[in-house]
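Look at the sequence and the structure together.

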Amino acid sequence: MTAAARLPQPPAVRAVLTRHRLRPIEALPWVCAIAVYYAFPDYLALGGQILVMTLFVLSLDLVLGYAGIVTLGHAAFFGTGAYVAGILAVRGWAEPLSGLVAAGAAAGIVGFLTGLVVLRTRGLTLLMVTLVVTQMLQEAANKLGWLTGGADGLQGITIPPVLGLFRFDMFGRTAYLYGLAALFIGWVVARTIVHSPFGRSLTGIRENVTRMQAIGSPVFRRKLAVYVVSAALAGIAGAVLTQTTQFVGLQVLGFEMSAVVIIMLILGGIGRLYGAFIGAPLYMIAQDQLAKDDPANWLFWIGLFLLLVVLFARGGVLGLADRILPRLRKGGDGG
Amino acid sequence: MAEAALETVALCKSFGALPVARNIDFRLPVGARHALIGPNGAGKTTFINLVTGRLMPSSGRILLGGADVTSLAPEGRVKRGIGRTFQINALFNRLTVLENVLLAVGERHGVAGDMLRPAGARRAVIAEAYALLERLALADDAGRLVRELPYGRQRLVEIAIALGLEPRVLLLDEPAAGVAAAETGLILDIIENLPSDIAVLIIEHDMDLVFRVAQRITVLVQGAVLVEGSPAEIAADERVQEVYLGKDSHG
């Protein structure tokens, strides 16, 4: 009917045509991450954990930020990946890269199976069901002490060098770069999905499910697909944590884990792909500093900070930047 | 007799003991311009929800282009050529007008499940969506977020999304509801300029609009068809006048 050749390019069309193209600013997180590696060699242990959490938050952004699935149980997948990687290593399959793949696959399968049930609900029911699923997994990990180490956690994990070359050293250098590589792959996956027609349809589901059904979109299948991908990414994040810290405890399946990851996403900015890259470092560095300066009350300060963000910076730090940057460029007359 | 684009046979629906669709036999020929009218609560929107699959009928059959779709899921019916608009806007509010239409066009092209190639590389989809906006005089608003548009313009986006599906049967649920009189003309123009092979069923309270657009009118009262006929027949029908003048209709 319409020739594709004749495509006028007003700004609205150009925006759609070029949205997926890489912009220079998108190199910033990676430049920063590498700069940190050289500039703060004493902080690489913390840095590695930040990278793990960034990947975890990024995975949550796919389901929460894009598809609008408000879950309180994303730790289920993080924890599954963490335990699978740990158990494999203890039982003789310690090779890290295949361990990551196995952990991601296991978390993806858990995502598929629970998604079949969870994604048929929404709103409060969804919150409760996702919460319960995670609590059940945590309780299972607690009870299966012979496999998981129970409440003591899984100990005795030793991971051979990555690719047979890079030993996990006591300064956390290898761990940091390993986490960075995993995050980079996760980012490529997430970014590809977000800019694909599938990713656009997720935002449609978030904005209006009724209308998506009315335009013939298989909503449940789309939600399930992104849930599985997100679960796998979260599982890989958990596995990186296990392999780099050589320990897994029950807290990886805890409610606090599910909650903290949401807080990080809100802090950074939901549904923006890069919210994870702001929220996770911000939260964890603040936690690290505050816990040092005011060990008794650091949680209060975090809470206060979050309150300010929710009240005055809707859309998180990135949302705030969206509003402030144009004004700076126009010399204050923007809005 | 022309081929039916849409047909319902003895369609019934009850919510518990309350019948909301009673034995509706309805036939929409290809290219029809048909209006469904009736007092509030007559079951007009329920009828649309039954036809589109948002509600499952208690009994009866629904045929699209001669094929039985009674047990088909909503998305399957869309693939078979049914498109609708909503009485109350159901739009993607935080997306641009162009993106709203793109989602519909992308679904129809069968590309919307693709996770790998960027959406921006689908030039044919984008070109078609933009051409549709031009046709509906919405091109100037293509880059604006839907929620920033005045309500009347949003009603046009409702229609644009449905047309992005290139439906064979188009169900318009009160397209002019909430639209200022000055803007109703625009909606009327669009409906009058729809391709002649689309069968259009329009629910509307604005009788001027109904009588200008419709070749046939069905009057629905308490979930049942009261009468069907040409606009002149309906205008002259005593039972219809009773219903609309608010007298008791023991029918």
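Over the ring of which residue does the charged end of R84(B) sit? The ring belongs to F86(B), and the charged end of R84(B) is 4.0 Å from its centre. Bear in mind that this is a predicted model.

A search of the whole structure gives 13 aromatic pairs over all chains. One of them joins Y274(A) and F277(A). This pair is tilted, with 5.5 Å from centre to centre and 45° between the planes. Y274(A) and F277(A) are both buried. In chain B, F26(B) and F47(B) make an edge-to-face pair, at 5.4 Å centre to centre and 75° between the planes. That pair links distant parts of the chain. F26(B) lies in strand β2 (residues 18-29) of chain B, while F47(B) lies in helix α1 (residues 44-52) of chain B, and 21 residues separate them.

Are F26(B) and F47(B) buried or exposed? F26(B) has a relative accessible area of 3%, so it is buried. F47(B) has 2% relative accessibility and therefore also counts as buried. The cut-off for buried is under 20%.

Back in chain A, ring pairs join W30(A), F184(A), W187(A), Y274(A) and F277(A) into a cluster. L58(A) touches part of this group: its contacts beyond four places in sequence include W187(A) and F277(A). Among the others are L183(A), G186(A), A190(A), L273(A) and A276(A).

The largest nonpolar core has 185 residues. L58(A) is among those with the most contacts inside it, along with M53(A), F78(A), L6(B) and L98(B). Which helix gives the most to this core? Helix α3 (residues 44-66) of chain A does, with 14 residues.

Chain B brings in the strands. Four of them form an open sheet in the order β2-β1-β4-β5, with antiparallel pairing. β2 and β5 (67-68) of chain B are the edge strands, and each pairs on one side only. Strand β1 (residues 4-15) of chain B runs antiparallel to β2(B), and eight bridges join the two. Within this pairing, L11(B) has I24(B) in β2(B) as its bridge partner. In a regular strand, side chains alternate between the two faces of the sheet. Helix α1(B) lies across β1, β2 and β4 (59-64) of chain B. The helix runs at about 115° to β1(B).

Strand β9 (residues 216-221) and strand β10 (residues 224-229) of chain B pair in the antiparallel sense over five bridges. I217(B) has G229(B) in β10(B) as its bridge partner. Two residues lie between β9(B) and β10(B), and Q222(B) in the turn has a positive phi of about 50°.

Finish with a helix in chain A. How many residues of helix α9 (residues 197-207) of chain A are buried? The count is 10 of its 11, and the helix is mostly covered. The buried residues include R200(A) and E207(A), as well as F198(A), L202(A) and I205(A). The cover over these buried residues includes α3, α8 (173-195), α10 (209-214) and α11 (219-245) of chain A. Helix α3 (97-109) of chain B contributes to the cover too.

Notes
Residues are numbered from 1 along each chain as its sequence is written. Chains are lettered from A and ligands numbered from 1 in the order in which they are written. This is a predicted model: local features need pLDDT of at least 70, side-chain atom pairs count only at pLDDT 80 or more; totals for chains, interfaces and linings use all residues. Side-chain values use heavy atoms; hydrogens and water are left out. Rings of Phe, Tyr and Trp (its six-membered ring) pair if their centres lie within 6.5 Å; planes under 30 degrees apart count as stacked, over 60 as edge-to-face and the rest as tilted. Buried means under 20% relative accessible area, exposed over 50%, partly exposed in between (1.4 Å probe, protein chains only). Helices (H or I, at least four residues) and strands (E, at least two) are DSSP runs, numbered from the N terminus. A charge sits over a ring if NZ of Lys or CZ of Arg is within 6 Å of the ring centre and within 35 degrees of the ring normal. A nonpolar core is a set of buried Ala, Val, Leu, Ile, Met, Phe, Trp, Tyr and Cys residues joined through side-chain atoms within 4.5 Å. Contact means heavy atoms within 4.5 Å. Two strands pair if DSSP finds at least two bridges between them. Axes are lines fitted to C-alpha atoms, for helices over the stretch in contact, and angles run from 0 to 180 degrees between N-to-C directions.
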